[in-house]
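Please look over the model below.

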Amino acid sequence: MSHRIVTLPGDGIGPEIMAPTLELLRAVGDFEFEEHLFGGASIDAHGVPLTDEVLDACRRSDAVLLAAVGGPRWDTTDPDRPRPEQGLLGLRKGLGLYANLRPVKPLPALYDASPLRRERIEGTDMLVVRELTGGIYFGEKTRTATSASDICSYTTAEIERIARTAFGAARAKVTSVDKANVLETSRLWREVVSEVHSREFPGIALEHVLVDNAAMQLVSSPRDFDVILTENMFGDILSDEAAMLTGSIGMLPSASLGGESASGDAAGDGRGPGLFEPVHGSAPDIAGRAIANPLAMFLSAAMLLRHGLELESEAAAVESAVQRALDAGLRTPDLGGDAGTAQATRAVLDNIE
Ligand code: IPM
Ligand code: MG
């Protein structure tokens, strides 16, 4: 039975990195792809970044593969005009994708591509577990001529389920990141994470670190992290910072998964489709030049295979092909080389076993 994957190329370099990713997926399995407009492309066609039809198509799929959204064409601070990013937030919320997994494991071939010294990053292998459907991103927003506000709120149930994701993924330690010296949401976060820990995962070590300190430790001793568990906005910021350990944000994949409803029980018939996307954006500055690094997108496809479709050996095949291509010297411009998207794609496809 072939798996049904909804593909959302989006904007900027999105379509340029989606096309080779479908080629790669076809090389490892049998999939049905259903492409839809999303983000700015959907605003241009329909006036909104995510239509109900597209959200329904995603709900009916086995997994959703997204490239990137946004660009200067749709940039606006006018609260009444549609923005591509609203489509992304609507998709995350609409599919109940509360758990965002961002693995950060610099490949030895790229140790020297990182702005940090090799000795600093060698052996780094961490997973950022970011809460994705709560917090300040989704709280009430207000705006008057002279003031604005964004509410940050979390419930115990929202914190419990993401804490379970983090402890479940940890090998040895969870570093829970908050701002408990200032924020009430962070104090609740700390309490709930500690409770889930002592009740359900006493065998895993737990430490609480303030977000400013965590930002520092990420560059001073990245090796010391195993799983970083954090709320929506801290996770957004820290994952971009962590991305630089790998040499380029063009290397970082992500998976957004749902499953457990905020009331504590499994949603419907278990887990719905996950969303898989690179951490980087639509890179409008290099769009249309055929030089975008497709590797984060390829690695996101590998996460789709593993977490979305439970095709572990296919996922591993993609990951090792990427690794072998880099070992053999593949470098796109963001990694200091001059390989274009097509050349990078060929290098990876040639290494699929
Ligand atoms: C990310 C992005 C998004 C976020 C933006 C595009 C809304 O930065 O996935 O990290 O802030 O979550
Ligand atoms: Mg971000």
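Q: Which strands does helix α8 lie across, and how do you know that it lies across them?
A: Helix α8 (residues 211–220) lies across β5, β8 (173–178), β9 and β10 (227–230). Contact here means heavy atoms within 4.5 Å. The helix runs at about 105° to β9, with axes fitted as lines to C-alpha atoms, for helices over the stretch in contact, and angles from 0 to 180 degrees between N-to-C directions. Helices (H or I, at least four residues) and strands (E, at least two) are DSSP runs, numbered from the N terminus. The model is predicted, so local features need pLDDT of at least 70 and side-chain atom pairs count only at pLDDT 80 or more, while totals for chains, interfaces and linings use all residues. Residues are numbered from 1 along each chain as its sequence is written, chains are lettered from A and ligands numbered from 1 in the order in which they are written, and side-chain values use heavy atoms, leaving out hydrogens and water.

Q: Which strands does helix α4 lie across?
A: Helix α4 (residues 84–94) lies across β1 (3–10), β3 (63–68), β4, β5 and β12 (274–278). Its direction is at about 150° to β12.

Q: What makes the strands a sheet, and in which order do they come?
A: Two strands pair if DSSP finds at least two bridges between them. By that rule, 10 strands form an open sheet with mixed pairing, in the order β2-β1-β3-β12-β11-β4-β5-β10-β8-β9. β2 (31–35) and β9 are the edge strands, each pairing on one side only. From one strand to the next, the twist averages 25°.

Q: How do you know that β1 pairs with β2 and with β3?
A: β1 and β2 are joined by 5 bridges in the parallel sense, and V6 has E34 as its bridge partner in β2. β1 and β3 also run parallel, with 5 bridges between them, and the partner of V6 in β3 is V64. Each count meets the rule of at least two bridges, so both are pairs.

Q: In which sense do β3 and β12 pair, and in which sense do β4 and β5?
A: β3 and β12 are parallel, over 3 bridges, with A63 opposite G274 in β12. Strands β4 (residues 99–104) and β5 (residues 126–131) are antiparallel, over 6 bridges, and P103 stands opposite L127 in β5.

Q: Why are β1 and β3 called mostly covered?
A: Buried means under 20% relative accessible area, exposed means over 50%, and partly exposed lies in between (1.4 Å probe, protein chains only). In β1, 7 of its 8 residues are buried, and in β3, 6 of its 6.

Q: Why is T341 called buried?
A: Its relative accessibility is 5%, so it falls under the cut-off and counts as buried. T341 lies in helix α12 (residues 341–349). Not counting residues up to four places away in sequence, T341 touches E16, P20, A290, I291, A292 and P294. A polar atom of the T341 side chain lies 2.7 Å from the backbone oxygen of A292.

Q: Are T185 and L37 buried or partly exposed?
A: T185 has a relative accessible area of 18% and is therefore buried. T185 is in helix α7, and beyond four places in sequence it touches C152, S153 and Y154. L37 has 42%, so it is partly exposed. L37 sits in the loop between β2 and α2 (40–46).

Q: How many aromatic pairs are there, and why is the pair of Y154 and W189 called edge-to-face?
A: There are 3 aromatic pairs. The ring centres of Y154 and W189 are 5.5 Å apart and the planes stand at 70°, so this pair is edge-to-face. The rule takes rings of Phe, Tyr and Trp (its six-membered ring) with centres within 6.5 Å, and planes under 30 degrees apart count as stacked, over 60 as edge-to-face and the rest as tilted. Y154 is in the loop between β7 (148–150) and α6 (156–169) and W189 in helix α7 (residues 184–200), so the pair ties together parts 35 residues apart in sequence. Y154 and W189 are both buried.

Notes. A polar contact is a pair of N or O atoms within 3.5 Å; within protein, one must be able to donate a hydrogen and the other to accept it, and residues adjacent in sequence count only if both atoms are side-chain atoms.
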